[in-house]
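Okay, everyone, thanks for coming. Let me put the chain up and talk you through it.

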Amino acid sequence: MAEVNSAPLRMIAWEVTGSCNLKCLHCRASAVDRPLPNEFSTEEAFKLLDDIISFSKPVIILTGGEPLLRKDVFEIARYGTDKGLIMTMGSNGTLITREVADKIRESGIKRVAVSLESSQPPLHDAFRNVPGAYDATMEGIKNLKAAGVSFQIDPTITARNVDDIDNIVNLSVELGADAVHIFLLVPTGRGKELEDEEIPPEQYEKVLEWFWEKQQTVPVFLKATCAPHFHRIARVKAKEAGIDLKKMVPGQTHSLESMTRGCLGGISFCFIGHTGDVQPCGYLELKAGNVREEPFEKIWKESKLFTDLRDYEKLKGKCGICEYKYVCGGCRARAYTKTGDYLEEEPYCIYVPKKSRE
């Protein structure tokens with residue numbers, strides 16, 4: 001287990017604000033349209049970046065809420081950039097005017113992930129709970145492209161838009177996106193109200209199989225997020241097709257599946273909330289520590305929550321005996337939401353492990 005426990009910190013999603021200008025149905029953060037108390041000051045934000053840099057050099061995702069509502073977000077991005085960090089941003093896109101797009105580029109932000117739930121304006125606006133959100137997001141994307149800022153499209157898949165995924169991917173290609181990361185709904189935050197709209201496990205499997213096939217046909221990098229089963233499916237499909245994942249070129253098609261694993265929460269990724277709480281991811285609402293109370297490095301390296309998640313031998317149920325547990329691991333947030341135990345088996349997986357079949 002030494003190799004697992006020494007996995008480097010590769011990425012942090014940092015919720016720089018809980019404030020947002022939209023009211024999305026599936027919002028993990030249950031964001032509101034006003035500043036929340038106890039958010040980091042600019043100086044505290046700089047100190048956190050210094051603490052992170054003291055022992056690691058992860059990619060930083062500035063997220064929210066809507067990070068563009070922070071007046072100092074470009075100062076924070078510039079500070080991280082100047083310290084040698086790869087700074088990125090997650091945004092709903094509606095506030096990205098041409099001036100804002102230029103500031104994003106000038107601050108050193110390398111990529112913006114824009115949420116887009118449908119290729120159809122009425123469906124996207126229904127997700128966002130704000131009329132005109134689709135048009136504003138499209139305008140934001142055009143401004144990013146005009147400013148020369150790399151962007152990706154991040155749709156969250158539920159029963160209401162699952163039939164539109166192919167159109168979303170095709171639209172993303174037309175828009176000039178560099179990647180599409182599909183997120184399978186994890187019902188936390190406001191998303192709990194959409195629990196009945198999670199696609200059923202059997203359809204979940206079919207969507208991921210479709211995603212593998214789609215990877216072969218589009219000139220854009222596709223990644224399945226919050227869908228750890230995809231790493232099992234990718235290996236099965238690659239073997240059937242005679243593809244050696246390990247020989248793929250990094251950054252192209254399936255190469256990422258050979259370089260990483262399914263659930264990364266607490267293993268090479270973590271989430272820092274707007275008040276400093278550190279979680280494995282934004283969806284697994286368990287606190288590993290708070291960066292205002294103890295050093296971030298100590299939380300990352302020593303918290304019981306994180307060390308548990310890095311020990312795959314602690315996984316329970318069929319996840320614990322599954323031959324794919326080292327590359328999949330199941331969604332720990334779904335396990336916790338459904339059972340109250342973050343080490344329990346993934347409730348949305350239909351695969352029967354080899355040991356069970358035997």
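Predicted model: local features only at pLDDT ≥ 70, side-chain atom pairs only at ≥ 80, totals over all residues.

Residues are numbered from 1 along each chain as its sequence is written, and side-chain values use heavy atoms, with hydrogens and water left out.

So, the chain has 15 helices and eleven strands (DSSP runs numbered from the N terminus: H or I of at least four residues for helices, E of at least two for strands). It's 358 residues, and 57% count as buried, meaning under 20% relative accessible area with a 1.4 Å probe, protein chains only.

Now look at β7, residues 179–184: six of its six residues are buried. A179, H181 and F183 point one way, while V180, I182 and L184 point the other. β5 (150–154) pairs with β7 in parallel over two bridges, pairing being at least two DSSP bridges between strands. There, Q152 has A179 as its bridge partner. β6 (156–157) also runs parallel to β7, again with two bridges, and T156 sits opposite F183.

Last, the cavities. On a 1 Å grid over the protein atoms alone, a cavity is a set of points where a 1.4 Å probe fits but cannot get out, and lining residues have an atom within 4 Å of a point. We get three of 30 Å³ or more.

Technical notes. 1 Å grid on protein atoms, 1.4 Å probe; cavity = no way out; pocket = protein on both sides within 12 Å on 5 of 7 lines; lining within 4 Å. Points joined across faces, edges and corners; volume = space filled by probe spheres on them. Buried < 20%, exposed > 50% of the residue type's maximum accessible area, 1.4 Å probe, protein only.
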